[in-house]
Structures are given as C-alpha cells and as structure tokens.
Amino acid sequence: MSIAMESITPKEMGLIEDRSEAIGVSKLILMENAGASLAREIRQRFPNIEGRRIVFVAGSGNNGGDAMVCARHLASGGPKVMVFLLKSSESLKTSESSINWKILEKMPKSVDLYQNTFDEFVPKLVTAIEEGDIIVDGILGTGVKGELREPIPSIIEKINSSNGYKVAVDAPTGLDQATGHVSNVCINADLTVTFHKVKAGLIGNLRETGEIVVASIGIPPEATKD
Ligand SMILES: NC(=O)c1ccc[n+]([C@@H]2O[C@H](COP(=O)([O-])OP(=O)(O)OC[C@H]3O[C@@H](n4cnc5c(N)ncnc54)[C@H](OP(=O)(O)O)[C@@H]3O)[C@@H](O)[C@H]2O)c1
C-alpha cells in the first residue's frame, strides 16, 4: 500500500454510504460489491480453490453481511465453504445482512451454515478454524463499541493460532479503524480488504492488517462530497 494513500474515518465512511444510498446506490448494492471484491482478492491468491476449506466467521452487523456475500461468490468451484454466525439469525442488525443470510439458507449444497443457537456451536467453530485453509474475519467492522465481548476474544485467539490464511473484512477485528488502537486481542491478518478508501486506523498496523488492499465498491463520486 502506498503511504501517500488518502485515508478516511469510519464516521466519514458512514456519511458517504448514506449519500450513496440517497443517490440510488443502496447499502445492499455496496454490500454486494464489497463481498464480490473480497472473493476476487481471495481467488487471485488461491486460483485452485477446489477442496479448500474456507471458514467465514460473521458478526451480526454489516461486516458479517460482507462476509456472507463473499461466501456466496466463492461457493462455486468445489471449495468447502462454512459460514459461522456468532449470533442467531434473528439478531442480525440490518436488512442487508438478513437478506444475504436468507440467500445462504437456500444454498445447502454449497454452503454449510451455522448460527450460534446450539450448545456445540463454539467447539464446532474452533475445529473448523483449526482445520481451515482460509479464514475470513467478518466479525466486526466500523460498528464496534467498547471492549470486545465474549466469545469474540476467545475466537480471535483461536484464529490467530491457526495455520490458515487470514483475511480481514474492512479491518481486523480488534483494531480501531479510527484511532489505530489495538485491543488486547486483535486478529493478525495476512490480508485486509478495506472498502472505498483505507481507514485511518489501519495505517501503520501491519502486524494486524497484513497486506492492505483498497477495493472499490461502486460509490458514486457525487456521494463523497458535501
Ligand atoms: N452496506 C454498506 O453500506 C457497507 C459498505 C461498505 C462496508 N460495509 C461493512 O459494514 C461494516 C459496518 O457495519 P455495521 O455498522 O453493521 O457494524 P459491524 O461492525 O459489522 O457490527 C456492529 C455490531 O457488532 C456488535 N458489537 C459492537 N461492539 C461490540 C463489542 N465491543 N463486542 C462485541 N460485539 C460488538 C453489535 O451487535 P450485537 O449487539 O448483536 O452484539 C453491533 O450492532 C463495515 O466495517 C464494512 O465491513 C457496509
């Protein structure tokens, strides 16, 4: 990533998303573009995806929704795609994430879908993380508030100690996108795919972000001005 790259705060990004929606490029379209760009970056690095175990760890916000879209885009070509939602699907926060969850529910042949509604959820997730070739962190994005709540810190530790290639959606969970503050637990990604512009807090935190790719998600330039 070029050091001269222009950064943006999560607050500015939220305003841009709202203006984009007002112009007619909805948050659902932005989510589709974000998930598709993630999938493209992964396929570039793993051209032969057949037989790979890809584990998506999704939170209840739009960061998780981006991961769900990515899972759908990677579902063809013979990988084993597993999506673990850390909450119940009823607690998904946004219509965009709910829509994408419901699509995955209709893909039982190509996607294994789990939600945190049964006792063995966390052990099953831990096994998947240990055996995963690629692990996608869609746990939390710009909507994180305060200290991370369990089970997220424990899951982050499992992801960090696994041998899989780790991809962060927008930012590694545990890294404050505004300030760059690193929580006591934070995903150490190999690759961070961040959307539209690099978030200020990502810069200079290479240990957590790994390689940073800035992906265009189709925001009209008109949405970037007041
Ligand atoms: N569609 C779009 O316009 C668009 C465009 C580009 C990118 N995105 C993606 O959307 C993301 C932002 O989505 P979002 O605003 O829905 O936020 P989010 O970061 O995906 O999730 C926010 C949710 O996480 C949980 N949470 C917050 N703080 C927590 C903590 N300390 N510990 C545990 N859980 C916590 C809360 O849910 P609970 O109350 O359920 O715990 C909260 O509602 C971006 O980072 C990006 O990935 C969206």
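I started with the largest pocket. It is lined by 36 residues, and Gly61, Asn62, Asn63, Gly141 and Gly143 lie nearest its centre. I used this rule: on a 1 Å grid over the protein atoms alone, a pocket is an open set of points where a 1.4 Å probe fits, with protein on both sides within 12 Å along at least five of seven lines; lining residues have an atom within 4 Å of a point.

This is a predicted model, so to speak of local features I need pLDDT of at least 70, and side-chain atom pairs count only at pLDDT 80 or more, while totals for chains, interfaces and linings use all residues. Residues are numbered from 1 along each chain as its sequence is written, and side-chain values use heavy atoms, with hydrogens and water left out.

**Largest pocket**

I noted a space of about 940 Å³. Volume here is the space filled by probe spheres set on the points, which are joined across faces, edges and corners. Helix H1 (10-23), helix H2 (27-45) and helix H3 (62-74) are the elements that give two or more residues to this lining. H1 gives the most, with five. Helices are DSSP runs of H or I with at least four residues, strands are E runs of at least two, and both are numbered from the N terminus.

I sorted the lining by class: 14 nonpolar, 10 polar and 12 charged residues. Ala, Val, Leu, Ile, Met, Phe, Trp, Tyr, Cys and Pro count as nonpolar; Asp, Glu, Lys and Arg count as charged; the others, Gly among them, are polar.

**Second largest pocket**

I read a volume of about 180 Å³ for this one. It has 16 lining residues, with Val144, Gly146, Gly174, Asp176 and Ser183 closest to the centre. Its classes are six nonpolar, seven polar and three charged.

**Ligand**

Where does the ligand sit? I found it in the largest pocket, by the test that more than half of its atoms lie within 2 Å of the grid points. I counted 26 residues around the ligand, the closest being Asn63, Lys87, Gly141, Lys145 and Asp170. To be near, a residue needs a heavy atom within 4 Å. That shell has eight nonpolar, nine polar and nine charged residues.

I then checked polar contacts (N or O pairs within 3.5 Å).
- Asp170, at 2.7 Å.
- Asp66, at 2.8 Å.
- Lys93, at 3.1 Å.

**Backbone**

Most residues other than glycine have a negative phi, and most peptide bonds are trans. I logged two exceptions. Asp170 has a positive phi of about 70° and lies in the loop between strand S6 (165-169) and strand S7 (191-195). Glu150 and Pro151 are joined by a cis peptide bond, omega about 10°. Pro151 is in the loop between strand S5 (134-138) and helix H6 (152-160).

Technical notes
Polar contact = N/O pair within 3.5 Å; in protein donor to acceptor, adjacent residues only side chain to side chain.
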